[in-house]
Structures are given as C-alpha cells and as structure tokens.
Amino acid sequence: MEQKNSRKWLLLILLLAAFSVTFMTRFVWSPLNSTVSEALGLSKIASGSFMSAFFIGYVITQIPGGMLADKFGVKYVISVGVLLTGLASIGMSFMAGYAQGMIFRIITGLGAGVVMACCSKVISENFEQKDSGIAFGII
C-alpha cells in the first residue's frame, strides 16, 4: 500500500514537470515578442499571431490526445507531446521569418495539447476520489 501511495505522488511530480514544460512554451513568446519582432522586422500583428498559432495547435489535439492516450498509453503520448513541443520551441530560435515561426508555434501547440488529457487520465487512474482534487489542483 505504501509503495502504491509513493508511486502515485511520483507520477504526479512527473506530470507536473511535463505540464510545466508545456506551460512555459505556451507563454515564452510574450517576453520575447518585442526583441524577436524587431530582429526579424515583424509587424505587431504578425508577432502577436504567434500566440494564436500556439492555441490553434493546442485546441486541435485536446480531444484526440485523450483518445491517443487510451489507444497507445499515456507514457508514449505524453513523451511524444513533450518532445514535439520542446523541439518546435527550439526550432523557434532558428526561425528566419514569419512562416517558419507560425509552423513552429502550431507544432508546439500540437504537442502541448495532449499533455492535459494524459495528466487527467493518470490522475483518475491512480488517485482515489478524495485525493484527485488535490492532484488536479497541483497540476
């Protein structure tokens, strides 16, 4: 019993790490916006659209993320999602213009969109109802 209890909290820490990565990639553009826009000569509208591009990808994978987690398993889906998000975020540092930035931000969102569904599945399968609220609150 003690081992299962410890395991569920370790899983929660890992989920929190995955969600934190996607949370940072979601909002990293805001503090970088003016500097990068100036360097690339982007208009305010073009640079602001990078935030929207992330959420386009994010929304697209919300529901399929849960279905993919059911079909292939959480560890594979969340791993691919976080990897995709990280690689696309790294790609943003190499973008040469607006079109590349939009593609990278959409891909970042696509990867991040599966994470919450995976977190929900793991919490619902490993936490009793009395603890699930705390676990969701931590995430």
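This is a predicted model: local features need pLDDT of at least 70, side-chain atom pairs count only at pLDDT 80 or more; totals for chains, interfaces and linings use all residues.
Local features need pLDDT of at least 70 and side-chain atom pairs count only at pLDDT 80 or more, while totals for chains, interfaces and linings use all residues. Residues are numbered from 1 along each chain as its sequence is written, and side-chain values use heavy atoms, with hydrogens and water left out.

**The pocket**

The largest pocket has a volume of about 260 Å³. A pocket here is an open set of points on a 1 Å grid over the protein atoms alone, where a 1.4 Å probe fits, with protein on both sides within 12 Å along at least five of seven lines. The volume is the space filled by probe spheres set on the points, which are joined across faces, edges and corners. Its lining holds 13 residues, a lining residue being one with an atom within 4 Å of a point. Leu-11, Leu-15, Val-74, Lys-75 and Ile-78 lie nearest the centre. Helices H1 (2-27), H5 (74-92) and H7 (115-126) each give two or more residues to this lining. H1 gives the most, with five residues. Helices are DSSP runs (H or I, at least four residues), numbered from the N terminus. By type, the lining has seven nonpolar, two polar and four charged residues.

**The cores**

The largest nonpolar core has 17 residues. Such a core is a set of buried Ala, Val, Leu, Ile, Met, Phe, Trp, Tyr and Cys residues joined through side-chain atoms within 4.5 Å; buried means under 20% relative accessible area with a 1.4 Å probe, protein chains only. Residues with the most contacts inside this core include Leu-15 and Ile-78. H1, H5 and H7 each supply at least two of its residues. H7 has the largest share, five residues.

Which residues does Leu-15 contact, leaving aside neighbours within four places in sequence? They are Ile-78, Cys-119, Val-122, Ile-123 and Ile-139. Contact means heavy atoms within 4.5 Å.

A second, separate core has nine residues, among them Leu-42 and Met-102.

**Buried cysteines and threonine**

| Residue | Relative accessible area |
|---|---|
| Cys-118 | 0% |
| Cys-119 | 0% |
| Thr-108 | 0% |

The whole structure has zero disulfides, a disulfide being a pair of cysteine sulfur atoms within 2.5 Å. The sulfur of Cys-118 is 7.1 Å from its closest cysteine sulfur, in Cys-119, so it is too far for a bond.

Thr-108 sits in helix H6 (residues 98-112). Beyond four places in sequence, Thr-108 touches Thr-25, Phe-54, Thr-85, Ala-88 and Ser-89.

Definitions and conventions:
Ala, Val, Leu, Ile, Met, Phe, Trp, Tyr, Cys and Pro count as nonpolar, Asp, Glu, Lys and Arg as charged, and the others, Gly among them, as polar. Buried means under 20% relative accessible area, exposed over 50%, partly exposed in between (1.4 Å probe, protein chains only).
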